[in-house]
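Q: I would like to learn how to read helix packing and sheet order from a model. Where do we begin?

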Amino acid sequence: MAARLSVSLLLLLATAALAGVQGLGVNWGTQASHPLPPKVVVQLLRDNGIKKVKLFETNFDAMSALAGSGIEVMLAIPNNMLHDIAGDSGAAKDWVKRNVKRFDFDGGVVIKYVAVGNEPFLAAYNGKFIKVTLPALENIQNALNDAGVGDRIKATVPLNADVYNSPAKNPVPSAGRFRNEISGVMTDIVKFLAKNKAPFTVNIYPFLSLYLNDNFPLDFAFFDGKSDTPVNDNGVIYTNVFEANFDTLVAALVAVGHGDMPIIVGEVGWPTDGDRRAKASYAQRFYDGLLKRLASNRGTPARPNQRLDVYLFGLVDEDQKSVEPGSFERHWGIFRYDGQPKFAMDLSGQGRNTTLVPAKGVRYLSRTWCALNPKASRNDLGKLLGAKIDYACTNADCTPLGYGSTCNGMDVKGNASYAFNAYYQAQSQKDEACDFQGLALPTETDPSTAACNFTIQIATSAAAPPLSMAKLAATLVVALLQLALSW
């Protein structure tokens with residue numbers, strides 16, 4: 001009997017260890033030239049025990065793949081739709097009908113939230129969405145209520161952490177307040193969320209604190225308690241910026257009379273390329289500390305012993321994201337563009353040296369790269385090379401070539417080959433995409449180095465190119481040989 005109990009206990013512990021951190025979700029972005037098929041992505045989520053996902057649009061194929069999966073979903077309304085929805089309650093009702101009610105049935109999609117906009121109060125938007133965000137939020141929540149689903153599907157607004165701060169004369173979390181210029185609308189948003197029992201959603205990025213301030217203490221961005229510059233808030237010690245930032249928001253909510261409002265961290269993560277501080281070793285350190293902290297359910301000093309609901313950012317790399325904020329924007333994924341894990345990561349928060357389950361059923365384009373033509377004339381190289389590299393990198397992702405990135409430091413030949421191959425892959429290996437007026441040639445020899453990976457893109461139904469005549473002929477020859485051998 002004792003032996004059976006021991007076996008049962010071991011099985012129970014093993015199951016608990018395999019389960020993900022409670023309340024953990026992930027952001028699924030799709031700004032990629034060759035996105036993974038939605039069914040592959042949903043299987044990837046399930047294989048890794050990820051039970052919550054946040055979208056940035058209501059893509060029909062993604063929603064269809066999520067149907068029946070049991071994965072909880074936060075839908076999204078892009079910022080460019082806020083004006084129309086704010087000014088027309090009918091438009092809000094139509095959006096809910098097409099994007100919520102359409103998938104809300106037994107065996108359908110488990111929709112929990114609707115994200116109204118994404119960081120609409122960023123200073124970079126110059127106030128463009130300040131007057132329309134609250135009316136859009138109101139119209140969507142009212143439309144959900146009218147549709148009979150408002151009791152279980154709540155509208156919220158994912159906001160950047162810069163909507164609140166502490167005064168320069170008292171820079172501690174307990175002094176947190178909403179920014180002066182938006183304090184009125186923020187107070188109204190909080191009141192509306194509270195009225196509808198909806199959560200406050202905030203995006204917190206310790207990496208950006210480091211990226212935007214060369215004097216920011218590196219160790220304060222992580223969770224391992226190594227910081228030499230902790231924040232002392234009237235005897236409460238903060239050893240990492242995430243908790244300090246979170247509790248600054250709690251103080252801001254307290255100041256407007258809603259200190260008990262549920263908070264969702266809509267985005268948090270660490271990129272792995274595109275900047276000298278965006279590297280896999282830092283990402284692994286960050287996630288290891290974050291996941292352990294989440295698994296402990298210890299909360300933060302302002303909200304002790306409370307579970308934190310967090311969506312990691314993001315699931316996979318996106319090679320078509322804007323790099324205006326920084327080249328790292330295309331490298332936030334915990335998986336590479338093809339669903340392969342980047343580093344060891346234990347979603348259970350137990351700190352095990354384990355890797356995520358990779359995507360299954362991924363199809364790749366042929367093992368062909370595009371590289372600098374070794375026979376290109378010196379004259380052509382001098383006249384054309386710079387312009388052709390610029391063209392390739394304008395139309396494909398060359399961010400790994402930047403300072404401090406994984407492919408930085410190669411010679412001119414290496415840089416040119418990387419740029420040409422990036423464009424060639426983005427164009428689904430079309431023959432004409434590897435020419436550059438004779439400066440480039442296709443090759444079956446992998447030009448990758450130990451530090452720099454030359455991509456072979458994945459094949460998707462939308463992105464896979466038709467076979468050229470040469471490739472088609474080669475394919476037919478191989479098929480005939482295989483047929484002859486089978487005889």
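A: This is a predicted model. Begin with helix 7, which lies across strand 5, strand 6 and strand 9 (200-203). Its direction is at about 130 degrees to strand 9.

Q: What is the order of the strands in the open sheet?

A: Strands of a sheet pair through backbone hydrogen bonds, in either a parallel or an antiparallel sense. Here the open sheet has 9 strands in the order 5-4-3-2-1-15-12-9-6, and the pairing is parallel. Strand 5 (154-156) and strand 6 (158-160) are at the edges with a single partner strand each, so one side of each has no neighbour in the sheet. On average, neighbouring strands are turned by 25 degrees against each other, direction ignored.

Q: Over how many bridges do strand 4 and strand 5 pair?

A: Strand 4 (residues 110-116) pairs with strand 5 over 3 bridges, in the parallel sense. Tyr113 has Lys154 of strand 5 as its bridge partner.

Q: At what angle do the axes of helix 6 and helix 7 cross?

A: The angle between the axes and the distance between them describe two packed helices. For helix 6 (residues 130-146) and helix 7 (residues 183-195), the axes cross at roughly 10 degrees and come within 10 Å. Angles under 35 degrees count as roughly parallel, so helix 6 is roughly parallel to helix 7.

Q: Which residues meet in that contact?

A: From helix 6, Ile130, Thr133, Leu134, Leu137, Glu138, Gln141 and Asn142 take part. They meet Val185, Asp188, Ile189, Phe192 and Leu193 of helix 7. By class, the contact residues are 7 nonpolar, 3 polar and 2 charged.

Definitions and conventions:
Residues are numbered from 1 along each chain as its sequence is written. This is a predicted model: local features need pLDDT of at least 70, side-chain atom pairs count only at pLDDT 80 or more; totals for chains, interfaces and linings use all residues. Side-chain values use heavy atoms; hydrogens and water are left out. Axes are lines fitted to C-alpha atoms, for helices over the stretch in contact, and angles run from 0 to 180 degrees between N-to-C directions. Helices (H or I, at least four residues) and strands (E, at least two) are DSSP runs, numbered from the N terminus. Angles under 35 degrees count as roughly parallel, over 145 as roughly antiparallel, 65 to 115 as roughly perpendicular and the rest as oblique. Contact means heavy atoms within 4.5 Å. Ala, Val, Leu, Ile, Met, Phe, Trp, Tyr, Cys and Pro count as nonpolar, Asp, Glu, Lys and Arg as charged, and the others, Gly among them, as polar. Two strands pair if DSSP finds at least two bridges between them.
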